[in-house]
Amino acid sequence: MIGWGRAVGWIMMGMAGCLKADHGSEAVVRTEQYYLKLTEAVTGHLNAEGLAGWDMTDPDSQTDTSASAMIFYALSVYTPEPMKQQVSSITDKGLDSLMKYVTAGGKVMQCQAECGGFGIYPDKFGSYPWSVGMTLACVSCLTDKNDNDG
């Protein structure tokens, strides 16, 4: 289940938070199975930069830094055990690529604009609060994780 990149990021963030907070129950085991499948699908649909397009089903869709940051933040919160090594290299590449869209003044460019309603996605990209906030969270978590790993 992939499609609009930002929705995928929201879903992954919610699932990662639940999985980090609770282990062992039957519902958590099922959630982890779904999260593993979603992680496999999402990481297989990143573009050549290692980032998420606004439409993850279209390999030619424009990069969306907000979607990318949300996905990488979720993976920094919770990574399925069978994918830890693979996800680590994916998030490292993604973080490097994401930082190329951060200006010297701290703006995060290449974020899809606000949607006009259900299924109405604009073809406008720039810097918006939802890219800046999620990129800061993503960079903070991944940088801290890399500092603790090395």
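In which loop is Ala104 found? In this predicted model, Ala104 lies in the loop between H4 and strand S1 (111–112).

**View 1. Ala104 in the loop between H4 and S1.** The residue is exposed, with a relative accessible area of 93%, a value that meets the cut-off of over 50% for exposed residues. Ala104 and Cys18 are separated by 86 residues in sequence, and their C-alpha atoms are 35 Å apart in space.

**View 2. The crossing of helices H1 and H2.** Two packed helices are described by the angle between their axes and the distance between the axes. Here the axes of H1 (residues 5–21) and H2 (residues 26–43) come within 10 Å and cross at roughly 140 degrees. The crossing of H1 past H2 is left-handed. H1 contributes Val8, Ile11, Met12, Met15, Ala16 and Leu19 to the contact, while H2 contributes Val28, Thr31, Glu32, Tyr34, Tyr35, Leu38, Thr39 and Val42. Sorted by class, the contact comprises 11 nonpolar, 2 polar and 1 charged residues.

**View 3. Buried and exposed residues of helix H4.** Helix H4 (residues 84–99) has 16 residues. From its first C-alpha to its last, H4 reaches 22 Å, close to the 22 Å expected at 1.5 Å a residue. Its buried residues are Val87, Ile90, Thr91, Gly94, Leu95, Ser97 and Leu98. These residues are on the same side of H4 because they cover an arc of only 165 degrees around the axis. On the other side of H4, Gln85 and Asp96 are exposed. An α-helix has 3.6 residues a turn, so residues three or four places apart point the same way.

Notes. Residues numbered from 1 in each chain as written. Predicted model: local features only at pLDDT ≥ 70, side-chain atom pairs only at ≥ 80, totals over all residues. Heavy atoms only, no water. Axes fitted to C-alpha atoms, helices over the stretch in contact; angles between N-to-C directions. Helix = DSSP H or I, 4+ residues; strand = E, 2+ residues; numbered from the N terminus. Left-handed = near helix turned anticlockwise from the far one by under 90°. Contact = heavy atoms within 4.5 Å. Nonpolar A, V, L, I, M, F, W, Y, C, P; charged D, E, K, R; others polar. Expected span 1.5 Å × (residues − 1). Buried < 20%, exposed > 50% of the residue type's maximum accessible area, 1.4 Å probe, protein only. Arc of directions from axis to C-beta.
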